[in-house]
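Subject: Structure for your files

Hello,

Please find the structure below, with the sequence alongside. My notes come after it.

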Amino acid sequence: MSEKKGIQTVQRDVVVIGGGPAGLAAAIAVKEAGVDDVLLVERDRVLGGILNQCIHDGFGLHRFKEALSGPEYAARYIQSFREKKIDVMENAIVLSLTGDRVVEVSTRGKLQYIQAKAVILAMGCRERTRGAISIPGSRPSGVYTAGAAQNLMNLENIMVGKRVAILGSGDIGLIMARRMTLEGAKVESVFELLPYSSGLPRNIQQCLNDYDIPLFLSTTVTDIVGKGRLEGVKVAQVGEDRAPIASTERFVPCDTLLLSVGLIPENELTREAGVEMDPITGGAVVDDTFMTSVPGIFSCGNVLHVHDLVDWVSMESEQAGQHAAAYVKAGAKPAAAGAAKVSIKPGDGIRYTLPQSVSGGQDFILSMRVTAPWRDRTVVVRNGEKSIRKKMVRLHPAEMIRVKVGKEVASGGNAMEVSVE
Amino acid sequence: MSTTKELTCVVCPNGCTIAVELGADGKILVDAEGKPAIKGSVCKRGDEWAKQEVENPMRTIASSVPVSGGDSLMASVRTNRPIPLGKVMAVMAEVRGRTVTAPVAIGDVIIANPAGTDTDIIATRNVAKAS
C-alpha cells in the first residue's frame, strides 16, 4: 500500500469501470477465468445500466434463446455476478485514469486510488443532444433525448408530453414512439435526415406501422418554436447534400420533441489515459484481445463501438474479460507478446471493422458496419491470397455484421481488408 | 389470382422480409404438397409468425407500474405471451390504472387475464421493500 496526496492507494488485479451489460459480463468472465481480485465500479446506485429502462422485449434471443425485457436480461447477469461474490462499488465515479492504470474513484465522503494490473473500460455510451446537432430556434421545455424521456417514463413515472414529434429513426426513438402511444400520447411523426431508417426493420413494423405513425425520410427539423413550452417544430425535406429545401418547410404542432440522433461512446477516461482512438467508432483502437494501445487497458461494449444488440455486447465483453484475466495471469504481459500485428482495413462499402488489428494467433469474431443499405451482396475478408466470403441477403448500416475469422486466414501478411462485393 | 404481400418479421432483431402469396380469400396459398407459400424467413418461427400475421397479428407489449414502499419507484411489466394487436389498447387501459406494493419479483403476475386475452401481465424487475 502506498500513498498519493495523503490518500491510500489500493492494489487490485482487475478494475472494471461500468456496471451495465458490458461491465457485468466482463467482470464475471474475469472471475470465471480464475482471477479472484476483481472490482467493478458503478456510477449509478444499482447495476444493470441502460437495460433497467429498456422495458420492451427482444433482448437475449442469441444469448439465452428467449425474448426477455431489458431488466430481466440484466437480472440474470446481476444474479450471476452476486453469486460469484465479485467486489462492487456502487454510487462511485471514476474521476481519472492514467496510462499506468491508476484509477481515481470518488464515493460519498471518500476518495481513493487503485493501482490495477488490468483495467476494463465498460462505460457505455450517451446520447447525442440538441446541441450536438445544432438545431436552431428557441429553448422551450419539452425537448428531450429519447433515452432521457424513456428514463423519466419507465423509472420515474413522469409522462413527458401529450403531442410528440420525433427526430431520428434510431431504435430508441422508435421504441419511444410506441411507448408514448401506449401511454396515451399522440405521436405525430418520426423524421429521419437520411434516406433510410437507422432503426431495426422489426421496430419500424411493430413501433410505427402498427400504430399508423408516419416516418418521413430525408426530412429534418429546421426550427424549434415556443416560449416556455414547445409549441411545434418546423421540418423540411433535405436534398442529396442533406441541406434543407426551404420551399418544403412546414410547421408541425407538438408539445414534445424527442431526439434519437445517435449515440456517442463515453470515452473521456480513455482519452485521458492516452489510448489511441478510432475516429469512426468514437471508441478505442483494439486488437483481437480487446486490448487498447495502452498495455493492460481493455475496452468492450458500447464504449468501444455502439452495438444494436445487447447479446453481442455481452459476448464481446466476456471475451475482453477472459483476455484481461489471461494478461494478469501471464504477469501483466500480452498473451501474444512480440507477435507482429496484422492490421484490418475497411475497404469498399465498409464503414469500420473491429478489432482494428489482430495477432493472428487465434480465431476471432470480426464486427463491422456497412456504409449503406444493400441486398444480395457478399462480405469478403481478404488477407493476401486467403479470403472468407459471407453471402448476405440484406446489409444495413443499422445492423452490425459479425463474421468468424479463423486463425489460418488471420495469420501472416501485414494487412487484411474487408469489403462488400 | 394471387397477390404477394411483404411482411417484416418482428420475432427477433433479424427482422426478415417475408413474402407470402395470398389467394383471393386473403389466405396464404398452399401447394400440392401442403406447403404454404411463405418465402424469406431464415427460421421456422418466422414462417409460423407470417401465418399468424396474415390471420390475426399478435404482439407483445411492455409498460411500467408504480410501486409503493419499494426501493425503486416503478416495476417494469410485460405480457407473458403475445396478444392480438387489436387488443393492445384495451390491455394498456388496465395496466395504466395499476399500482403494486413492494416486494415485487420477476415473474409475479401483476394482472391476470387482461382484457380477456388469456395472458398475464408479469413483472420484469425485482423491487425490494425500501430499507
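The notes below take the chains in turn and then some individual residues.

This is a predicted model, in which local features need pLDDT of at least 70 and side-chain atom pairs count only at pLDDT 80 or more, while totals for chains, interfaces and linings use all residues. Residues are numbered from 1 along each chain as its sequence is written, chains are lettered from A and ligands numbered from 1 in the order in which they are written, and side-chain values use heavy atoms, leaving out hydrogens and water.

Chain A

Chain A contains nine helices and 28 strands. Helices (H or I, at least four residues) and strands (E, at least two) are DSSP runs, numbered from the N terminus. The C-alpha trace of chain A spans about 65 × 60 × 40 Å along its principal axes. Its radius of gyration is 22 Å, in agreement with the value near 22 Å for a compact globule of 421 residues. That radius is taken over C-alpha atoms, and the globule rule is 2.2 Å times the number of residues to the power 0.38.

Of the 421 residues in chain A, 58% are buried. Buried means under 20% relative accessible area, exposed over 50%, and partly exposed in between (1.4 Å probe, protein chains only). Contacts (heavy atoms within 4.5 Å) between residues at least 6 apart in sequence join residues at least 24 apart in 61% of cases in chain A. The accessible surface of chain A is about 17200 Å², and 50% of it belongs to carbon and sulfur atoms. Areas come from the Shrake-Rupley method with a 1.4 Å probe; for residues, only the protein chains shown count as cover.

Chain A carries 49 positive and 48 negative side chains, with the centres of the two sets 1 Å apart. Lys and Arg count as positive and Asp and Glu as negative, while His and the chain ends are not counted. Each charge is placed at NZ of Lys, CZ of Arg, CG of Asp or CD of Glu.

Chain B

Chain B has two helices and ten strands, in the sequence order β-β-β-α-β-β-β-β-α-β-β-β. Chain B is more spread out than a compact globule, because its radius of gyration is 19 Å, well over the 14 Å that the globule rule gives for 131 residues. Its C-alpha atoms fill a box of roughly 65 × 25 × 20 Å along the principal axes.

In chain B, 40% of the 131 residues count as buried. Of its contacts with a separation of 6 or more, 45% are between residues 24 or more positions apart. Chain B exposes about 6700 Å², with 51% supplied by carbon and sulfur atoms. Its 15 positive and 14 negative charges have mean positions 6 Å apart.

One residue of chain B may be worth a look in the viewer. B:Val54 sits in helix α1 (residues 44-55) of chain B and is partly exposed, at 23% relative accessibility. Leaving aside residues up to four places away in sequence, B:Val54 touches B:Leu7, B:Val20, B:Leu22, B:Gly26 and B:Ile28.

Aromatic pairs

Over all chains there are five aromatic pairs. Rings of Phe, Tyr and Trp (its six-membered ring) pair if their centres lie within 6.5 Å; planes under 30 degrees apart count as stacked, over 60 as edge-to-face and the rest as tilted. A:Phe64 and A:Tyr73 are edge-to-face, at 5.4 Å centre to centre and 70° between the planes. A:Tyr73 is buried, with 0% relative accessible area. Ring pairs also join A:Phe64, A:Tyr73 and A:Tyr77 into a cluster.

A:Phe298 and A:Tyr327 are another edge-to-face pair, with ring centres 5.7 Å apart and planes at 75°. This pair links distant parts of the chain, 29 residues apart: A:Phe298 is in strand β20 (residues 297-299) and A:Tyr327 in helix α8 (residues 310-329) of chain A. A:Phe298 is buried at 1% relative accessibility, and A:Tyr327 is buried at 4%.

Backbone

Most residues other than glycine have a negative phi, and most peptide bonds are trans. A cis peptide bond, with omega about 0°, joins A:Leu354 and A:Pro355. The bond from B:Ala102 to B:Pro103 is cis, with omega near 0°; B:Pro103 is in the loop between β8 (100-101) and β9 (109-112) of chain B.

A:Lys65 has a positive phi of about 60° and is exposed, at 65% relative accessibility. A:Arg101 has a phi near 70° but is buried, at 16% relative accessibility.

Regards
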